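Notebook open, structure loaded. I want the overall make-up first, then a few spots in detail.

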Amino acid sequence: MKTFQNVHPTVLLLYFLSVLIVGMFVTNPVLSLSSLLGGILFSATLCRRGEVAGDVGFYLAMFFLVAITNPLFSHNGVTPLFFLNGNPVTLEAFIYGAELAVAIVGTLLWCRSFSRIMTSDKLLYLFGRVLPKLSLVLSMALRFIPMFFRRMRQVKAVQKTTGMYSGRGIVDKFRYSGRVFLSMIGWSLESSIETAASMKARGYGTGRRTNFSLFRFTPRDGALLAVTLSLISLVTVGISLGVTEFYFYPRISTVSLTAPALAVYIAFGALSLLPFFIEVREVLLWKYYRSKI
């Protein structure tokens, strides 16, 4: 099990919210690139080797799709590169599209890491007493998504043995995939109804419930919480004061390199790379202790 997964759920939730909120809602190329870099490195520590190739292809396709689509629909900016159907395609729209693509891909990577680390038992621990129905829905959703794809692969494997997907035509493949998808939708609806009925029969959410948890708040969790709060507080103050302000329209502004801005960049960069540093430190310690055996 990865080291960062053993952190207390409260600290994990605060950390992911801090990184995601800044990465999604603050428009600054330095902060967006920091979020993307941290998401890539942290996701790499969580992925298996066989998943890397498929992940790279998906995120690269997403990046270029967003970066190229934006200048085709947004014609703001004062630096036209060329005209398409009488509409200017501007440099500012291209740069903003790249910035938007970086923010989206970074957010997707952090959301993926969140879904892998914040398991259903952690969500139930955090929200089970306060919002029992919401915590149940969240835990079911996080469990359902990987189960859905795993079940879909199993259904496709069974269908291939019956001769489906043997045709080379694109229409046939789409038709077979549609059948599998419809069957999966029916299975998911039936499974959700059964789960809801089972939880209702057990009296979930009808009264005060007790729960057992193995999560304990340790000094290590306290230190990580203090570091997270300190870094995100510095970033929040800097953003609220406008030291990281950056705009693309009508003309691209310059990145602020003042001392307060650099402090914000360094703080958020450290916050984004914190899980990766923790994992690398644990690996190095493990190798060191093994060498001493």
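Predicted model: local features only at pLDDT ≥ 70, side-chain atom pairs only at ≥ 80, totals over all residues.

How many helices and strands does the secondary structure of the protein chain come to? I get nine helices and two strands, taking helices (H or I, at least four residues) and strands (E, at least two) as DSSP runs numbered from the N terminus. From the N terminus on, the order reads α-α-α-β-β-α-α-α-α-α-α.

Residues are numbered from 1 along each chain as its sequence is written, and side-chain values use heavy atoms, with hydrogens and water left out.

**Whole chain.** I looked up burial: 34% of the 293 residues are buried, where buried means under 20% relative accessible area, exposed over 50% and partly exposed in between (1.4 Å probe, protein chains only). The chain exposes about 18100 Å², with carbon and sulfur atoms supplying 68% of that; the areas come from the Shrake-Rupley method with a 1.4 Å probe, and for residues only the protein chains shown count as cover. Of the contacts (heavy atoms within 4.5 Å) with a separation of 6 or more, 75% are between residues 24 or more positions apart.

**H2 on H4.** Helix H2 (residues 29–46) packs against helix H4 (residues 91–117) at about 35 degrees, axes 8 Å apart. Axes here are lines fitted to C-alpha atoms, for helices over the stretch in contact, and angles run from 0 to 180 degrees between N-to-C directions. The H2 side of the contact includes Leu33, Leu36, Gly38 and Gly39, and the H4 side includes Val102, Gly106 and Trp110. By class I count 12 nonpolar, seven polar and two charged residues in the contact of H2 with H4. For the classes, Ala, Val, Leu, Ile, Met, Phe, Trp, Tyr, Cys and Pro are nonpolar, Asp, Glu, Lys and Arg charged, and the others, Gly among them, polar.

**H1 on H9.** The axes of H1 (residues 9–25) and H9 (residues 259–291) come within 11 Å and cross at roughly 130 degrees. Tyr15, Ser18, Val19, Val22 and Gly23 in H1 meet Phe268, Leu271, Ser272, Leu274 and Pro275 in H9. That contact divides into seven nonpolar, three polar and no charged residues.

His8 sits in the segment before H1. Is His8 buried or exposed? His8 counts as buried because its relative accessibility is 6%. Beyond neighbours within four places in sequence, His8 contacts Tyr125, Phe215, Arg216, Phe217 and Asp221. I also noted a cis peptide bond joining Tyr249 and Pro250, omega about 0 degrees; Pro250 is in the loop between H8 (219–240) and H9.
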